[in-house]
Amino acid sequence: MSQPSLPSLMGVFAHPDDESLLAGGVLARHHAAGARTCVVTATWTRASHRAPELADALAVLGAGAPRLLGYADARNPASAPEGAVRLVDAPLDEAVGRLVAHIRALRPDIVIGHDALGQLTGHPDHRRAHQVTLLAVEAAALPHLYPEAGEPWQPAALYAATHSPSGVGRLGPLLRSVGKTLLTVPDTYVTTTVDVSPWAATKMEAILAHRSEAARERPLPGLLARLPEPERAEIIRTEQFTRLTPGPAPGAPDRLSWPLEHLSRHRAVPARPRPGASAP
């Protein structure tokens, strides 16, 4: 009996390089299996120097062309040379509407975003991207919300990329070595742990495609770039996620879940999936 194909996957992340660091292995895995993958990036605009780096990283991962919400980074004015508003200052309704348009246009089975803590260091852009993603995944299915953004679509599941104390491993000391804080979720919060070792080389190539970050000392791409390959491979080979909707589901703990009996790519708004499915 043939195995079902992997579900289509959309990553929604705050900055260029978040997609590679947090879900590069899963994105590469899905692309290698023939699934549709894409990434929406909330900050850094097309006029910024990181936009072509993001394009190169997504090409490595097989995630298509960059899709940008068009906001500025909370901590870097160079992220929007044309003067776009910061993501953290943008009207929430506006940001949600922009993401809803991408979800309805691309119709992903699964959406992956940031966790509520803001990914280890608590970056304000990560936290706001988490909020926007939660609201947009819900709103995308409701025809009376953002009607100008396209036909309604409901992803089957939303996951947050995250880190637990037992899963953070060498990454913790590495970040603390440059004075960064370390925010982790309880181990019980993690619903899916994926060993992406077969795609680790692809993931690292995508991380290094963010050349300006890899050349700096404190950002994680730069820290990883200076490590011996065995240590680097150990850090990037595991990705952790928490299923946020419709709730933690039993099943294969190394696969993102989507309920086949409820998933239909031929319906504008599939029935809301029930808790209790399995996953990639």
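A salt bridge is a side-chain nitrogen of Lys or Arg within 4 Å of a carboxyl oxygen of Asp or Glu. Glu234 and Arg170 form one, at 2.9 Å from N to O. Glu234 sits in helix H10 (residues 229-236) and Arg170 in the loop between helix H5 (165-168) and helix H6 (171-176), so the bridge ties together parts 64 residues apart in sequence. Helices here are DSSP runs of H or I with at least four residues, strands are runs of E with at least two, and both are numbered from the N terminus.

A word on the source. This is a predicted model, where local features need pLDDT of at least 70, side-chain atom pairs count only at pLDDT 80 or more, and totals for chains, interfaces and linings use all residues. Residues are numbered from 1 along each chain as its sequence is written, and side-chain values use heavy atoms, with hydrogens and water left out.

The whole structure has nine salt bridges. Another one joins Asp17 and Arg50, with the closest N and O atoms 3.3 Å apart. Asp17 is in the loop between strand S1 (9-13) and helix H1 (18-32), while Arg50 is in helix H2, 33 residues apart.

Are Asp17 and Arg50 buried or exposed? Both are buried; buried means under 20% relative accessible area, exposed over 50%, and partly exposed in between, with a 1.4 Å probe and protein chains only. Glu234, by contrast, counts as partly exposed at 36%, and Arg170 is partly exposed at 42%.

Last, Arg98 and Glu94 form a salt bridge at 3.5 Å, N to O. Both lie in helix H3 (residues 92-106), four residues apart, about one turn of the helix.
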